[in-house]
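Student: I would like to go through this model term by term. Please set each value against its definition.

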Amino acid sequence: MADLFGGSSSEEPEAGAALPRRGAAIGHKAGTQPLADRLRPQHLGDVRGQEHLLGPEGTLTRMLESGHLSSLILWGGPGCGKTTIAQLLAAQAGLFYTKISAVFSGVADLKKAFEEARRKAEATGRGTLLFVDEIHRFNRAQQDGFLPYVERGTVVLVGATTENPSFALNSALLSRCQVLVLHRLDDEALEQLLCRAEGEIGRTLPLTKEGRASLRAMADGDGRYLLNMVEQLLSLTKADTQPLTPEALARFLARRPVLYDKDRDEHYNLISALHKSLRGSDPDAALYWFARMLEGGEDPRYIARRLVRFASEDIGEADPTSLPLAQAGATAYERLGSPEGEVALAQVVVHLAVASKSNAVYKAYNQARALAKQTGSLMPPAHIRNAPTALMKELGYNKGYEYDHDYEDGVSGQNYFPEGMERVTLYEPVDRGFEKRIRERLDMLTQKRASRQS
């Protein structure tokens, strides 16, 4: 069974028993236990960065005070405390604690865990908190296997996931669990963790104020990664080492890789952030999200395609130069490759952000599609049908067609909708950018058509 610190142990802790003192080795020889394990909080009140769950009015605080712990899905990035919270919840609620990992476990392991929970409940009257790490890695059928045991109360399920539960877990399981979002550790929480680490090791880290801030930034909200870097730093420096600046620190340690998966939740979050920053006419924010996607390893061709789409969807005729520029940027990237090609895409990002915005074309297109489905197979009026044969001419095809170039302003004002169908206005240009001029022309055309009918 898993011990309170996430390691491997042949015995599980007694529910509600006093937790091992900080620094006590569990399954490790003294001096070899990782710092992250030695500093694992001993009480829920010691957990930092999740006050919305564990503060005086936090969700878990109220749940524990009510005396009923629901099955939970803890959703958050690495190193934010999911495992620790699950362990401490079991102790606080007086439950046995069992941990399995979806990476290493299968159906047989689940059945064994459920059977052991049932046996302990019958023998002691106490329930079991079953912590399932990386629960999203179980397939849909395996997830269904949890349902009867959760419903009967055989176990209190606490699943941990770094993936969006809406996509990674099936709806039946989600309906039986409360989803709680864990925040990445903020700068204050990371600093508190550093202070605790210095107290544990009995030594101040050899960092300037700026170097210390850089170390926190390098952790990118991951407390475990921060403590691992502290251990690396201590092994690479001496007690009399001069305080390290950010530049010197970077030579010792590597920044935590950017969290980004090109086919998962973060991918869609960032492209949404880029799109909405462009729509909000914020070139600085748009460039930031563009760079974040590149740093995460996104294919620039994907970004280029989205920029082309944006040019039509959110700018349209308010700035007709946007679409050809977006296409030119995509072509430039194909011609230049990386890293030169990304500069062309950056130019497109800035242009689209500062351009006048209109979704009039996009809205008109969607309305036209809906109208086309609604009206079915209505024929064009006879005067604008093609008449390549004598029979078609005899049937009246193209009869009465008025050649627009022969009229003043190049407009005849004829009807081009199907006969018997009322005219519909689909395209409504805005009073911004080039569409303001288009609006003026459309008003003139409307008057022209009205004059033919009067």
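Tutor: Start with burial. A residue is buried under 20% relative accessible area, exposed over 50%, and partly exposed in between, with a 1.4 Å probe and protein chains only. Buried residues make up 43% of the 454 residues in the protein chain.

Student: What kind of model is this, and which pLDDT do local features need?

Tutor: This is a predicted model: local features need pLDDT of at least 70, side-chain atom pairs count only at pLDDT 80 or more, and totals for chains, interfaces and linings use all residues. Residues are numbered from 1 along each chain as its sequence is written, and side-chain values use heavy atoms, with hydrogens and water left out.

Student: How many helices and strands are in the protein chain?

Tutor: The protein chain has 21 helices and five strands. Both are DSSP runs, numbered from the N terminus: helices are H or I with at least four residues, strands are E with at least two.

Student: Why is the protein chain called more spread out than a compact globule?

Tutor: The radius of gyration is taken over C-alpha atoms, and the globule rule is 2.2 Å times the number of residues to the power 0.38. For 454 residues the rule gives 22 Å; the chain has 32 Å, well over that, so it is more spread out than a compact globule. The C-alpha trace spans about 100 × 60 × 40 Å along its principal axes.

Student: What share of the contacts comes from residues 24 or more positions apart?

Tutor: Contact means heavy atoms within 4.5 Å. Among contacts with a separation of 6 or more, residues 24 or more positions apart account for 71%.

Student: What makes α4 mostly covered?

Tutor: Ten of its twelve residues are buried. Among them are Ile-85, Leu-88 and Leu-89. The cover includes α2 (51-54), α3 (59-66) and the strands β1 (72-75), β2 (96-101), β3 (128-133) and β4 (155-161). Just after α4, Gly-94 takes a positive phi of about 70°.

Student: Which residues other than glycine have a positive phi?

Tutor: Glu-134 is one of them, at about 55°. Glu-134 sits in the loop between β3 and α6 (140-144). Ser-281 also has a positive phi of about 55°. Its place is the loop between α14 (265-279) and α15 (283-295).

Student: Why is Ser-281 called partly exposed?

Tutor: Its relative accessibility is 38%, so Ser-281 counts as partly exposed.

Student: Why is Phe-290 called buried?

Tutor: Phe-290 has 4% relative accessibility, so it counts as buried. Phe-290 lies in helix α15. Beyond four places in sequence, Phe-290 touches Leu-274, Ile-303, Glu-342, Leu-345, Ala-346 and Val-349.

Student: Which residues of α18 are buried?

Tutor: They include Glu-342, Leu-345, Ala-346 and Val-349. Helix α18 (residues 340-354) has 15 residues and reaches 23 Å from first C-alpha to last, close to the 21 Å expected. Pro-339 is in the loop between α17 (322-336) and α18.

Student: What makes the peptide bond from Ser-338 to Pro-339 cis?

Tutor: The omega of that bond is near 0°.

Student: Is Arg-306 buried or partly exposed?

Tutor: At a relative accessible area of 29%, Arg-306 is partly exposed. Arg-306 lies in helix α16 (residues 300-315). Leaving aside neighbours within four places in sequence, Arg-306 is in contact with Ile-271 and His-275. Arg-306 and His-275 are 31 residues apart in sequence, with C-alpha atoms 8.2 Å apart.

Student: Why does Leu-207 count as buried?

Tutor: Its relative accessibility is 13%, so Leu-207 counts as buried. Leu-207 is in the loop between α10 (187-201) and α11 (209-219). Not counting residues up to four places away, Leu-207 touches Arg-212, Leu-215, Leu-233, Pro-243, Leu-244 and Leu-249.

Technical notes:
The expected span of a helix is 1.5 Å times one less than its number of residues.
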